[in-house]
Amino acid sequence: MPAAPATAQDFVPYATAAIDFHRALNIPTGPLVASRAELDSLHEHLVSLHGLLDAHTQRTAPLLPGEGDHLKAARTRLWQAADHLHAAYHRSPRPGTGEVPGPDACRTRLPEGAPELTICRRHQETAQLVRRRTTPADLHAPFTGLVRR
């Protein structure tokens, strides 16, 4: 009997398992800091999850407002997490020199050049979507908004 065709839902558990496997194999025990490459990969993953939740939110919210509210809240939290990862990336030690940029270096918003620029480009592209779908008050509130019961 042939196997059932894969559905979209079949791939998310594989992505989750891959992250768990990566963590178990590659994160050493001890007080080592996360590398810029690791933070970049995590940022890329969160931005992808944000895009997935955005697609679900856009389709669901008009039909089921209660579920849509929860999806919007989850999407906002993912963006907040990606924003923090982006900031952590810019405060992490630079490869080669080990120099830790000061707070002024990040505030100047000067690109550090490729490949470091890819995280900034990805972040800015996602930020445009976030600005279209979310209000500044939603992004800065300790609570992500109205959730219907």
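Me: What does the accessible surface of the protein come to, and what share of it belongs to carbon and sulfur atoms?
Reply: The accessible surface comes to about 10,400 Å²; such areas come from the Shrake-Rupley method with a 1.4 Å probe, and for residues only the protein chains shown count as cover. The model is predicted: local features need pLDDT of at least 70, side-chain atom pairs count only at pLDDT 80 or more, and totals for chains, interfaces and linings use all residues. Residues are numbered from 1 along each chain as its sequence is written, and side-chain values use heavy atoms, with hydrogens and water left out. The share belonging to carbon and sulfur atoms is 62%.

Me: How many helices and how many strands are in the protein?
Reply: Helices (H or I, at least four residues) and strands (E, at least two) are DSSP runs, numbered from the N terminus. Along the sequence the pattern reads α-α-α-α-α-α. The protein accordingly has 6 helices and 0 strands.

Me: What percentage of the residues count as buried?
Reply: A residue is buried under 20% relative accessible area, exposed over 50% and partly exposed in between (1.4 Å probe, protein chains only). The protein has 149 residues, and the buried share of them is 28%.

Me: Which residue forms a salt bridge with D40?
Reply: A salt bridge is a side-chain nitrogen of Lys or Arg within 4 Å of a carboxyl oxygen of Asp or Glu, and the structure holds 3 of them. In one, the N to O distance to D40 is 2.9 Å. This pair links distant parts of the chain, 82 residues apart, from helix α2 (residues 36–60) to helix α5 (residues 117–133).

Me: Which residues are linked with D54 in a network of salt bridges?
Reply: R75 meets D54 at 2.9 Å, N to O; R75 lies in helix α3 (residues 65–91) and D54 in helix α2, so the pair ties together parts 21 residues apart in sequence. R133 also bridges to D54, with the closest N and O atoms 2.8 Å apart. R133 lies in helix α5, so its pairing with D54 in helix α2 ties together parts 79 residues apart in sequence. The residues linked with D54 in the network are R75 and R133.

Me: Over the ring of which residue does the charged end of R36 sit?
Reply: A charge sits over a ring if NZ of Lys or CZ of Arg is within 6 Å of the ring centre and within 35 degrees of the ring normal. The charged end of R36 is 4.6 Å from the centre of the ring, which belongs to Y89.
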